[in-house]
Amino acid sequence: MVGSHVKGDFFPSRQELDLLEIDSVRKYFEENDFDTIVNCAGNVGGLGKNMEQNLKMFTSNMEMNYNLLKVIMENPDKIKKAVVFLSTCVFPAEVEYPLTEDKLHLGPPHSSNSGYAYAKRMTQVMADLMNESGEYGKIITVIPTNLYGPHDNFSITDGHVIPSLIAKAYEAGQFGKTLSIWGDGSPLREFLYVEDVADIIEIILEKYESTKPLILSHGQEVSIEDAVRAVVSNSSVGTVYFDTEKPNGQHRKPSDPSALLELIGDYEFTPLHEGVKKTTRFFEENYPNVRH
C-alpha cells in the first residue's frame with residue numbers, strides 16, 4: 001500500500017527484485033543507479049495470520065530486511081539515505097503511554113505477533129549499528145500508526161481496521177445485512193492516511209538528518225465507533241450493531257509524535273472522513289480486483 005504512493009524512479013516488482021534472495025538484491029544494485037531507498041516491503045497480516053504463522057513472519061521479514069541492509073554494506077559508497085518501515089507492534093506489550101521512540105526495547109512485544117515484531121526490532125538494531133559505523137549513509141527507521149488507504153488489504157478476516165470495515169460495510173450493504181462490529185466501539189486508535197505517509201517520506205528524505213527512529217502519526221485519537229460511522233456514511237449500510245459480547249481489544253495505545261511534528265511543521269493531515277471517502281471510492285471502483 002505505502003509503496004504504491006511513494007514517489008520514486010524505481011518501483012521493482014517481486015519478479016525484478018526478490019528481497020528474500022540476496023543475489024537478486026545484489027544484481028539489482030549492480031544494474032541500477034540510485035542513491036536513496038524507501039523500503040516498504042514486508043510479510044504482513046492481521047492478528048490471525050500473525051498467530052498462525054509467527055515463525056514464518058519472523059524468518060521472512062528478517063531475511064528481507066537483512067538482505068537489503070547487507071547489500072547496502074557491500075556497497076558502502078552507493079546509498080546516501082534509506083528509509084525502512086517498522087510497525088507500532090514493535091513496542092513492548094506492557095509499556096507506559098504515550099509511545100515514544102526510546103521505549104522500543106523496554107520489554108517483549110505482545111506474544112500474538114512476536115515473530116513480526118522481533119524481526120522489525122532487529123532491523124532497527126542493525127540500522128543503529130550501521131549508522132554508528134558512519135560508512136553506509138543514513139538508515140532511518142520509521143514507525144507508522146494505523147495506516148489505511150487505496151491499495152490496502154481489504155480482507156474482512158485478515159485486514160486492518162479501516163479496510164476491513166470498508167469491505168464488511170460493502171458486503172452488508174449489498175445483501176441488506178446489519179453491519180456487526182466487535183465490542184462497543186470505545187477503543188481509540190490513531191488512523192493515518194497513506195498519502196500523508198508518502199508526503200512525510202518526501203520531507204524525511206529532504207530534511208531529516210538524524211538517524212533516530214521516527215514515529216509517524218498526527219497524535220490524534222479516534223474511537224472505533226467514529227471510524228465505523230465514517231465508513232457507514234460512505235456505504236449503503238442501513239443498520240449497525242455493536243456486539244458488546246465480543247472483546248474490545250486494547251482500549252488505547254497513544255503515541256507521542258512530537259519529533260515528527262517538529263520536522264513537518266504546519267503539514268495538514270487528511271481528516272478521517274476524507275481519507276475514508278477516498279479509500280471507499282478506490283475499493284468500489286476496483287472491486288473485486290482489490291487485495292483481500
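Trainee: What kind of model is it, and how are residues numbered?

Mentor: It is a predicted model: local features need pLDDT of at least 70, side-chain atom pairs count only at pLDDT 80 or more, and totals for chains, interfaces and linings use all residues. Residues are numbered from 1 along each chain as its sequence is written, and side-chain values use heavy atoms, with hydrogens and water left out.

Trainee: How many helices and strands?

Mentor: The protein has 9 helices and 10 strands. Those are DSSP runs numbered from the N terminus: helices are H or I with at least four residues, strands are E with at least two.

Trainee: How compact is the protein?

Mentor: Its radius of gyration is 19 Å, close to the 19 Å from the globule rule for 292 residues, so the protein is as compact as a globular protein of that length. The radius is taken over C-alpha atoms, and the rule is 2.2 Å times the number of residues to the power 0.38. The C-alpha atoms fill a box of roughly 60 × 40 × 40 Å along the principal axes.

Trainee: What share of the residues is buried?

Mentor: Buried residues are 49% of the 292.

Trainee: Switching to charges. How many salt bridges are there?

Mentor: The count is 10. The rule asks for a side-chain nitrogen of Lys or Arg within 4 Å of a carboxyl oxygen of Asp or Glu.

Trainee: Which residue does lysine 80 pair with?

Mentor: Lysine 80 meets aspartate 35 in a salt bridge, 3.7 Å from N to O. Lysine 80 sits in the loop between α3 (54-74) and β2 (81-85), and aspartate 35 in the loop between α1 (22-31) and β1 (36-39), so the pair ties together parts 45 residues apart in sequence.

Trainee: Is lysine 80 buried or exposed?

Mentor: Exposed, at 59% relative accessibility.

Trainee: Where is the partner of lysine 278?

Mentor: Lysine 278 forms a salt bridge with glutamate 195, with the closest N and O atoms 3.8 Å apart. This pair links distant parts of the chain: lysine 278 is in helix α9 (residues 272-286) and glutamate 195 in helix α6 (residues 194-207), 83 residues apart.

Trainee: Which residues form a network?

Mentor: Asp23, Arg26, Lys70 and Glu74 are linked by salt bridges. Within it, lysine 70 and glutamate 74 meet at 3.0 Å, N to O. Both lie in helix α3, 4 residues apart, about one turn of the helix.

Trainee: New topic, the backbone. Where are cis peptide bonds?

Mentor: One joins tyrosine 97 and proline 98, with omega about 5°. Proline 98 lies in the loop between β2 and α4 (114-133). Another runs from tyrosine 287 to proline 288, with omega near 5°. Proline 288 is in the segment after α9.

Trainee: Which residue has a positive phi although it is not a glycine?

Mentor: Histidine 151, with phi about 75°. Histidine 151 sits in the loop between β4 (146-148) and α5 (161-175). At 38% relative accessibility, histidine 151 is partly exposed.

Note on methods. Buried means under 20% relative accessible area, exposed over 50%, partly exposed in between (1.4 Å probe, protein chains only).
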